[in-house]
Amino acid sequence: MSTTTRTPAPHKLFTRQSSGLVREVSVSNALFFNTAAFIGTGLAWYPVFYALPFIPVGVFLFSTYGWAAIIVGAAAVLLSLIFASLTSVMPRSGGDYVFTTRLIPRVGPFIGWLESFTLVFSSLAIIAFEVPIVLRNLQITGRIIGIGTGASFFSNANSWFADNGTITGWPGFIGALLVLALIFWVVIQPTRRFHAIITTLAILALSSGVLMFVFGMLFTSQSSLESHLPSVAGTTAAAIAKAAQAAGVVGNGAGIFPISTFSFMAGVLLFQYIGFQYSAYIAGEVTGNVRRGILIAVLGALAIAVVMNSVYTDFLSERLGFTTQLGWGAMFWSGDAHLPMGQPNSLPLLATISTSGLWPIWAIVSLAGTVFPFLLCPVYLNFISRIGLAWSLDRRVPEWFGDVNERLRAPVNAIVAALVVAVLFAVLQNFPLLGWLPSQIAPPGGKLNLIATAWFSLLMAFLTWFMPGINALVGPFTRRDLLKNAPSRAWLPLFGLVWAAFIGVLYWFAGLKPILDSAFHPNGQTTLEYLNSSGVLMALFLVVVAIVVYIIMAIRNRVAGVDTAMMYQVIPPE
Amino acid sequence: MARDRVRLYVVSDIHGSERTWRKMLNAARMGLYKADAVLFAGDLTGKAMVPVVRVNGGYRAEFAGQTREAHTDRELESLEQDIANLGYYALQVTAEEAEGLRADPAALETRFTQEIESRVEAWMEMAAERMAGSSVPIFVVPGNDDPYTIDPILARSQYVRNVDGAVVDLPGGLQVIGSGKSNPTPWRTPREVPDDEFGAEVTRLADEARDPRRTVFLIHCPPYGSGLDTAPLLDRTLRPTATAGDLLRGPVGSTGVRKAVEEFRPLLSLHGHIHESGGEVKIRQTLCLNPGSEAAYGILRGYLVDVSSNGIERAFRVEG
């Protein structure tokens, strides 16, 4: 006989006790999963990104970067609501791949595949971006200890994992392999233990962010930094300011207008934020009320992202000298041979120059700054593997790809495949293996470089940002049966429209228009050279690969007699 | 496509979800999957009643994390339909009646049974009405969550055939043997039996089948250790157990079913029961399937299995 449980309120359910879905990812796990997914190198490096778009950056209450963080964050609230609503009615792992394939009629399966395939390679490029940064942050931590203790081993930390002062070649590759091996160890832990590791380390790293903010605001100053720069870094604030002027990154006011220029900064913020929504990609594993869980996790991570990229970054930068941050960052991104200390303007490094007596605090922060870019990688591999699992279930890739290992309860083949691609990226970053390509399409020096991978990653992520808007716009009409009781259902089309328009404008000004302008009116480059150096060629190449794989799998399924159109055909519910 | 090929559409564990029941009927009636027969692997009935409480001339109910109100007949009908679509039973009561039911487990149990029987009865009528003239038979077994009181209702059905404890012919020269029982669970559900007794019943039924290679097992409970039966392991208070920071999960299927599958080696073994363990696995030559369940979200999960004279040609997941 079934039994009943007693609950106090008259409106509560009368339940029969029985088994049901028991999931393994708590709301706090999901929150820190998202946080670890987006912060990456930011804890120590956010000010470095001021100069990445090479546009004038000014200050009015917040910097242009800070305003971009706030504006993109405000718009991203809509994305959070869209994900919370859709995951509450389709609580699957696979995220927007699942939504696009199910909500968009006819072309949904193809667009969903393209969207998720480009997201996966965008994410792998970000891993390729972060792994050398883990090594570089170890160098910076060494330099901080070197400044504090004077020990030559640490003072020479720039030589760690480096070949002629650069993290590349065999030392860089071996370092990258060590990091990737550690990443692999974390990512193959059983789900619950994996999330315990991520949550614990993310809390520790965020606590270090609080430490940086409090001690940075209390004990560092621009004057102290500038007075110590010559002795510690062998340069002056004036020289760095001159570099900022030369790079054209010094601006006035908030810098929100013109939109066409501001969009570049907003694009950088999208790059910084990508990942805050990734708990939606593991929704099939989130415990309890999925809607509430995803909403808390996504909005919570977004709030952390906005605060870290605006208040945290701008206040500390002002404290240490805003123009110094701009110039130092511009020198880093442009590969200036006179880059102070041979390192980017990491916050704890600058704090050490300003107030060397607190070097143990800054070393801890810098080490935390090493943890976050490391943490990002297993988080990415985890959600990539869940997309791989969703692909496999839909026969978009061979079935073995998504096989779930019984012991680890994770799709190990998908994880290994993603890791292999990450290793391949590491190889291509460290060895000039692409030098054999024709000069028009070979990367500079025959190696992948950080700026190209960051830009490439942003381009590849377009559908990931854009399609949730389209799904929210059309889903309530195309799949009434599934979305009938979706939270905020009546508002979903409006949310979707506004979000899609926001992303459309941003990508037009920061992506498509510059590409079209430069491709057809190249400045000293052929069109092909421009497309190659901007990462567009690589993005197009992978889109072609995605289409080819899609066609091959369609043929394979047809030969096997599997009609994939049936796999998520809408069944009339009434 | 070979003429001797039959396509089986396998679903399971819809747990009272009206929407998914309708979808299942529509998929069969409209030939969306070109299926020749539908096989339902158990657990028809829902697990919860939602009190729709009369307040201030209207009605209020809390379910799926929302508070819903109805002030007109049409709104009330829509509210009750939404509750039914999730697999719950709407119960129109006053606040006092709701409290009364909470205080009287026996009365609550009686009400549950009435609601369950009423919905199964309605579903059987719906099947007869919608499938009239269709050539796609529907074979079902109950599941461990289904009270025995629904068996007479299934027996009276003019279209749906309950194959629990029987050996029945399927299209394509196949036979199906059915069982809605399960080995013991922590919840002491209606159709639990000791595992050896369960295995003996399955073996007895299998012995009545003509040819193992043309026989389909339709057994709610999956074989032990098949991967189709992986669930969180519970402690005495029915809470998931954890060790070293990891949730303990393990096989909870039937050793009796496993033994029967290994010994009899049927062509196909179809199961449900563990919603989160949907998938496919081979035990010796037998393909074993569990479609899993997302019925609470209105998603009907299933498998299509194509069988020809040469055996199983293909099996693939579908959802709608």
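In this predicted model, helix α9 (residues 222–233) of chain A and helix α14 (residues 347–354) of chain A have axes that come within 7 Å and cross at roughly 95 degrees. Angles of 65 to 115 degrees count as roughly perpendicular, and α9(A) and α14(A) are therefore roughly perpendicular to each other. The points below begin with this pair and then turn to other places in the model.

**Helices α9 and α14 of chain A**

- On the side of α9(A), the residues that meet α14(A) are A:S224, A:L225, A:H228, A:L229, A:V232 and A:A233.
- Their partners in α14(A) are A:L350, A:I353 and A:S354.
- Sorted by class, this contact of α9(A) with α14(A) holds six nonpolar residues, three polar residues and no charged residues.

**Helices α4 and α5 of chain A**

- Two packed helices are described by the angle between their axes and the distance between the axes.
- For helix α4 (residues 96–103) of chain A and helix α5 (residues 108–149) of chain A, the axes come within 7 Å and the crossing angle is roughly 160 degrees.
- Because angles over 145 degrees count as roughly antiparallel, α4(A) is roughly antiparallel to α5(A).
- The crossing in which α4(A) passes α5(A) is right-handed.
- From α4(A), the contact involves A:D96, A:Y97, A:T100, A:T101, A:R102 and A:L103.
- From α5(A), the contact involves A:G108, A:P109, A:I111, A:G112, A:E115 and A:S116.
- The residues of this contact of α4(A) with α5(A) comprise four nonpolar, five polar and three charged.

**The largest nonpolar core**

- In soluble globular proteins, nonpolar side chains tend to be buried together.
- The largest nonpolar core here has 286 residues.
- Which residues of this core touch the most other members? They are A:A36, A:I294, A:V298, B:V38, B:L39 and B:L218.
- Helix α15 (residues 359–393) of chain A gives the most to this core, with 22 residues.
- Not counting residues up to four places away in sequence, A:A36 touches A:I198, A:A202, A:F372, A:L375, A:L376 and A:V379.

**A:T370 in helix α15**

- A:T370 is a residue of helix α15 of chain A.
- Is A:T370 buried or exposed? A residue is buried if 20 or more other C-beta atoms lie within 10 Å of its own, and A:T370, with 24 C-beta neighbours inside 10 Å, therefore counts as buried.
- A:T370 and A:L135 are 235 residues apart along the chain, and their C-alpha atoms are separated by 7.8 Å.
- Leaving aside neighbours within four places in sequence, the residues in contact with A:T370 are A:V134, A:N137, A:L138 and A:T141.

**Backbone features in loops**

- The peptide bond that runs from A:F257 to A:P258 is cis, with omega near 0 degrees.
- A:P258 lies in the loop between α10 (237–247) and α11 (259–273) of chain A.
- A:R395 is not a glycine, although its phi is positive at about 60 degrees.
- The loop between α15 and α16 (412–430) of chain A contains A:R395.
- A:R395 counts as partly exposed because it has 19 C-beta neighbours inside 10 Å.
- A:S488 is not a glycine either, and its phi is positive at about 60 degrees.
- A:S488 is found in the loop between α19 (480–483) and α20 (492–520) of chain A.
- With 15 C-beta neighbours inside 10 Å, A:S488 therefore counts as partly exposed.

How values were computed. Residues numbered from 1 in each chain as written. Chains lettered and ligands numbered in written order. Predicted model: local features only at pLDDT ≥ 70, side-chain atom pairs only at ≥ 80, totals over all residues. Axes fitted to C-alpha atoms, helices over the stretch in contact; angles between N-to-C directions. Helix = DSSP H or I, 4+ residues; strand = E, 2+ residues; numbered from the N terminus. Parallel < 35°, antiparallel > 145°, perpendicular 65-115°, else oblique. Left-handed = near helix turned anticlockwise from the far one by under 90°. Contact = placed C-beta atoms within 7 Å. Nonpolar A, V, L, I, M, F, W, Y, C, P; charged D, E, K, R; others polar. Core = buried A, V, L, I, M, F, W, Y, C linked by C-beta atoms within 7 Å. Buried ≥ 20, exposed ≤ 12 C-beta atoms within 10 Å, placed from the backbone.
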